[in-house]
Amino acid sequence: MTQMTPPPAQPGPSGPEAEPPFLSLHTTVVLLTALVLGLVVGALTVLTGVPVAGAVLAGLSAAGSTVPVMRSLIGQPRRRSDP
């Protein structure tokens, strides 16, 4: 015999509110994009024959400089207006 589990209860308006995420989706996308671009620049720098320490510095500077650019290119999500 199988038992049916009831669906989870939805908290009401007076119920406990959910904890906000540690990082917003916008921040996560910007930082991950900067990380990927920094890794690409670092890998391409290593392939040119530069020492690894120089490639790491190139990747870090590329990642750091892309954060403000990505932040302005990837806009904040629009807030939905609930009717």
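Residues are numbered from 1 along each chain as its sequence is written, and side-chain values use heavy atoms, with hydrogens and water left out. Because the model is predicted, local features need pLDDT of at least 70 and side-chain atom pairs count only at pLDDT 80 or more, while totals for chains, interfaces and linings use all residues.

Thr66 belongs to helix α2, which covers residues 52-73; helices here are DSSP runs of H or I with at least four residues, strands are runs of E with at least two, and both are numbered from the N terminus. Thr66 counts as buried because its relative accessibility is 16%, where buried means under 20% relative accessible area, exposed over 50%, and partly exposed in between, with a 1.4 Å probe and protein chains only. Leaving out residues up to four places away in sequence, Thr66 touches Ala34 and Leu37, contact being defined as heavy atoms within 4.5 Å.

The protein chain as a whole has two helices and zero strands, and 14% of its 83 residues count as buried. Helix α1, residues 25-47, has 23 residues and reaches 33 Å from its first C-alpha to its last, close to the 33 Å expected at 1.5 Å a residue; the expected span is 1.5 Å times one less than the number of residues. The buried residues of α1 are His26, Val30, Ala34, Gly38, Gly42 and Thr45, and what covers them includes α2. An α-helix has 3.6 residues a turn, so residues three or four places apart point the same way. After α1 comes Gly49, with a positive phi near 105°.

In the segment after α2 lies Ile74, which is partly exposed because its relative accessible area is 26%. Apart from neighbours within four places in sequence, Ile74 is in contact with His26, Val29, Val30 and Thr33, and its C-alpha atom is separated by 9.6 Å from that of Thr27, 47 residues apart along the chain.

Val52, in helix α2, is exposed because its relative accessible area is 57%.
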